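Please look over the fold shown here, from its sheet to its core and pocket.

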Amino acid sequence: MTRAIGLAALTVLELPAAEQVSVAAQAGYTHVGLRLIPVAGQTLPPFDVGEVERRLADTGVRVLDLEVFRLSADTKVADFEPALAVAARLGASDLLVHGADPDEARLVENLGRLCDLAARYRLAANLEPMPWVEVSNIVKAKRVLDQAARTNSAPLVDAIHFFRAGDRFSEIPQKLNYMQLCDARPERPADMQEIIRQARSDRLFPGEGGLDLRGLMRALPRDLPISVEIPYAKPMAPLERARRALAASRELLECVSQS
């Protein structure tokens, strides 16, 4: 299977970034995603750029994306430049962006500025819709991206957010850089806090839940890179979690390819 499959930071977020690289390699991933900028009051382990570089060189794992670039009302895009320099140093191709500004005109302007800054480092900005932020679905993401009109940008489809937002396969654009894969309980929680809780800390391995993942994967390009993002609530060592997540993802892909 030649499709790039990365271990997302959120799957093993308790580990320092360098250990995430090692776990990705041991579990059999080709890529890894790293969280450099915390969100939601998180405290991240120290990010040792030099050690991450060494682990990448030793293992052959590549960096798919860095996160989280949150565009909110008080965002100053220039403040992101040190993180973009790290992303480029580590050979990343993509940035994960959240649109959390109620002023759409300002959001569009800041997204354009971020894309322009990212272009200097040969990076693409990927706008991820989430039900609890202003850019809450694929339609809104496409509208903001169309207004920003930058070639190094695209929406990011995350399976749990896609189905929780009620997005439709017909709304998925042709231009995508990668997607995020997980499963979840089939019923959409009525309470937004429960939606957030599940997304941040209680997702399921593909095949364990009730999302129409086969339909989603058929609606996406067959060679689209995948970031496996599964914060799992049941106690489990990070390496076992990463291995089980990859095995379930590969099984899903195999089923889709044969159908």
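Strands β1 (residues 5-7) and β2 (residues 31-35) run parallel and are joined by 2 bridges. Gly6 has His31 of β2 as its bridge partner. Strands are DSSP runs (E, at least two residues), as are helices (H or I, at least four), numbered from the N terminus. Two strands count as paired if DSSP finds at least two bridges between them.

This is a predicted model: local features need pLDDT of at least 70, side-chain atom pairs count only at pLDDT 80 or more, and totals for chains, interfaces and linings use all residues. Numbering starts from 1 along each chain as its sequence is written, and side-chain values use heavy atoms, without hydrogens and water.

The open sheet holds 9 strands with parallel pairing, in the order β6-β5-β4-β3-β2-β1-β9-β8-β7. Its edge strands each pair on one side only:

| Edge strand | Residues |
|---|---|
| β6 | 153-155 |
| β7 | 157-158 |

Now the interior. A nonpolar core is a set of buried Ala, Val, Leu, Ile, Met, Phe, Trp, Tyr and Cys residues joined through side-chain atoms within 4.5 Å. Buried means under 20% relative accessible area, with a 1.4 Å probe and protein chains only. The largest core has 78 residues; Tyr29, Phe69 and Met179 are among those with the most contacts inside it. A second, separate core has 6 residues, including Val39 and Tyr178.

What lies nearest the centre of the largest pocket? Arg35, Val39, His98, Met130 and Arg200 do, out of 18 lining residues. A pocket is an open set of points on a 1 Å grid over the protein atoms alone, where a 1.4 Å probe fits, with protein on both sides within 12 Å along at least five of seven lines; lining residues have an atom within 4 Å of a point. β3, β4 and α7 (192-201) each supply at least two lining residues.

Technical notes. Buried < 20%, exposed > 50% of the residue type's maximum accessible area, 1.4 Å probe, protein only.
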